[in-house]
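Visitor: I have a structure open and would like to walk through it. Can we start with the strands and go from there?

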Amino acid sequence: MTLRSNYEPGTSRWATRRAMWLALGLSDEDMVKPKIAIVNSSSQLAICFSHLDEVARRAKRAIELAGGVGFEVRTAAPSDFITSAGHRGGYILSARDLIPNDIEVQVEGAQLDGMICLASCDKTAPGQLMAAARLNIPTIIVACGYQASGSYRGRHCDIEDVFLAAGHVANGRVSVEELTEMSEHAVLSPGVCAGFGTANTMHLACEALGMALPGSTPVRANSERMWRAVDEAGARIVELVAEDLKPRDIMTPAAFRNAVTTILSVSGSINSVKHLQAVAAEAEADADVYRLFETLADGVPLLSAIRPNGETPIEEFEDAGGTRALMKQLAGLLDTGARTVSGQTVAENLAGVAVAGDEVIRPPERALGRRPTIVLIRGSLCPDGGIVKLAVADDRRLEFTGPALVFESPPEALDGVRAGKVRPGQVVVLRGQGVTGSPGMGMASQLVFALDGAGLTGEVAVVTDGQLSGLVNKGIVVGEVSPEAAQGGPLALVEDGDTIRIDVPGRTADLDVPAAELARRKADLRARPQAREVGWLSVYQRLVRPLPEGAVLRPRETAP
């Protein structure tokens, strides 16, 4: 086995590495072993990551027992609920693209032979997948689990419930005292948000792509099953290096199709669309993820209704067999010849798998529904796309026509809701929240929950170029509109009172304004004011590509 981490004895590179590593306690025998990065996004800022140091130690020991040497390296550790406080939430999505660069500098710079990536909160898994695709060295993603939830006044209570309840405080439907008490019971252990928000959706996607070991997602944080998966990954990554099985051998167009199919079958987070597109871009795979979500949606049945899409807790999904059981039910729709980090194909991974609870994860012939719940729409308002998320059992209005009410920032929109400016029948437009306009893609979730708190869910629609939490599933909300307003997209031309028509079944969102008037407005359109940033957000703003390209970072002059 030829290892790129090894250098010819007697060379300066060999001598200096040997000196450094001997001082760390390694032996000459260790110098010739496979050297594995343990990518750890540990942080004391959020409960999502608080257990990862111990996970890293366990992974290191498993690698050593398998004949390798583990080196822990650290990355940025963004947590939506914590890191969104600064710069209009700009550090959330942008941190996803910081993570692969953190990894590249340390792993590629040191020429390590493989990686185990400890996946936790929303942006860690996609960032780690992007790094794996870019560096193309043997990699396994290890999902480090979801948090335990509690109860409040006899009812299930998790972080989603706290998020929703906060939107009701301003209108007196929930008191500060009640919200305080709820927050004390919502999160009872380390790990990511429970339910199929973005984190667990991306953990599921890692397994469906073939980049996580079969049967490892989703998983309770710090459970025996999680620790077993860590041990198995530590042993397997050393074998993977010997086999030279690399991410681009696994993340093929077929693998992306499998991942999209699996996400659609559980109505996963809409954020997975842009994340998977970014991974495909880094892998240089011929996969248009946005089009996959469009073309596959009608043919993929809904097999499970896990919170926030239904009332079933994610623990029951895990106990029914998790992602592997779901893929077993979907086998007829998957490319089961796709390779995975187990060294086997999807078909081989699924052989003999039994679904422990076919009411929680149903077979296709008894699907919960056949109407798509992740709906990609286009039209004159969003020619490059927008996304609507629907619930499993849903009686909300799917068509909406009304006059626009335009806001340029989330604080302005929230003030408008509190002041009673938003009235039934209107289409609330929140713009300037796209990847360059924010920069970093601002969160529109607070507006949606404020409207819910004001009793306006279903009475108004929302259109925004911002992003939404994977927990948002209220009313008609067209999110991630592209092109964004800051790039001169049609959203920038909307004025108060303009008629907007949204037809979710028809998958269109249109601005009902004469072409001549739109041309006049475009000619008069001045460059939209953008936040003047320094540091990381300035770099991000200059380099980020549009959402249909995954919002990856590329120099503009060489962008496709």
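Visitor: How do β7 and β8 pair, parallel or antiparallel?

Guide: They pair in the antiparallel sense, over four bridges. Keep in mind that this is a predicted model.

Visitor: Which residue stands opposite Gly386 in β8?

Guide: That is Ile377.

Visitor: And β8 to β12, how many bridges there?

Guide: Three bridges join β8 to β12, and these two strands run antiparallel as well. Val388 stands opposite Val478 in β12.

Visitor: Are the residues of β8 buried or exposed?

Guide: Strand β8 covers residues 385–389, and five of its five residues are buried. Both faces are covered. Gly385, Ile387 and Lys389 are on one side, with Gly386 and Val388 on the other.

Visitor: What sheet do these strands belong to?

Guide: An open sheet of eight strands, in the order β7-β8-β12-β11-β10-β9-β13-β14. The pairing is mixed.

Visitor: Which strands are at the edges?

Guide: β7 (374–377) and β14 (508–512), each of which pairs on one side only. Ignoring direction, neighbouring strands in this sheet are turned by 25° against each other on average.

Visitor: Which helix packs on that sheet?

Guide: Helix α18, residues 410–418. Helix α18 touches β9 (399–407) and β10 (427–430), and its direction makes about 115° with that of β9.

Visitor: In what sense do β11 and β12 pair?

Guide: In the parallel sense, over three bridges. Strand β11 is residues 461–464 and strand β12 is residues 476–482. Ala461 stands opposite Ile476 in β12.

Visitor: Now the β14 end. What does β13 look like, face by face?

Guide: Strand β13 (residues 499–503) has a covered face made of Ile500 and Ile502. Its uncovered face has Thr499, Arg501 and Asp503.

Visitor: How does β13 pair with β9 and with β14?

Guide: β9 and β13 pair in the antiparallel sense over five bridges, with Pro403 opposite Thr499 in β13. Five bridges also join β13 to β14, which run antiparallel. There, Arg501 stands opposite Asp510 in β14.

Visitor: What is in the hairpin of β13 and β14?

Guide: Four residues lie between the strands, and Arg507 takes a positive phi near 60°.

Visitor: Different topic. What is the order of strands in the open sheet of four?

Guide: The order is β2-β1-β3-β4, with parallel pairing. β2 (69–74) and β4 (139–143) each have a single partner strand, so one side of each is left without a neighbour in the sheet. The twist averages 20° from one strand to the next.

Visitor: How many bridges join β1 to β3?

Guide: Four bridges join strand β1 (residues 35–40) to strand β3 (residues 114–119). Ile38 stands opposite Ile116 in β3. Helix α6 (residues 124–135) packs on this sheet, touching β1, β3 and β4. The direction of α6 makes about 165° with that of β3.

Visitor: Next, the inside. Which residues touch the most other members of the largest nonpolar core?

Guide: Met115, Phe256, Leu276 and Phe317, out of 138 residues in that core. Helix α10 (residues 224–243) gives the most to it, with eight residues. Another core, of 29 residues, lies apart from it and includes Val463, Ile476, Val481 and Ile502.

Visitor: Why would residues like that gather?

Guide: In soluble globular proteins, nonpolar side chains tend to be buried together.

Visitor: What lines the largest cavity?

Guide: The lining includes Glu207, Arg324, Thr340 and Asn349. Helices α9 (198–209), α16 (322–329) and α17 (346–350) each supply at least two residues of the lining. Of the lining, α17 gives the most, with three residues.

Visitor: Last one: where is Pro308?

Guide: Pro308 lies in the loop between α14 (289–296) and α15 (314–319).

Visitor: Why is Pro308 called buried?

Guide: Because its relative accessible area is 13%, and buried means under 20%. Pro308 and Val392 are 84 residues apart in sequence and 9.5 Å apart in space, C-alpha to C-alpha.

Definitions and conventions. Residues are numbered from 1 along each chain as its sequence is written. This is a predicted model: local features need pLDDT of at least 70, side-chain atom pairs count only at pLDDT 80 or more; totals for chains, interfaces and linings use all residues. Side-chain values use heavy atoms; hydrogens and water are left out. Two strands pair if DSSP finds at least two bridges between them. Axes are lines fitted to C-alpha atoms, for helices over the stretch in contact, and angles run from 0 to 180 degrees between N-to-C directions. Contact means heavy atoms within 4.5 Å. A nonpolar core is a set of buried Ala, Val, Leu, Ile, Met, Phe, Trp, Tyr and Cys residues joined through side-chain atoms within 4.5 Å. Buried means under 20% relative accessible area, exposed over 50%, partly exposed in between (1.4 Å probe, protein chains only). On a 1 Å grid over the protein atoms alone, a cavity is a set of points where a 1.4 Å probe fits but cannot get out, and a pocket is an open set with protein on both sides within 12 Å along at least five of seven lines; lining residues have an atom within 4 Å of a point.
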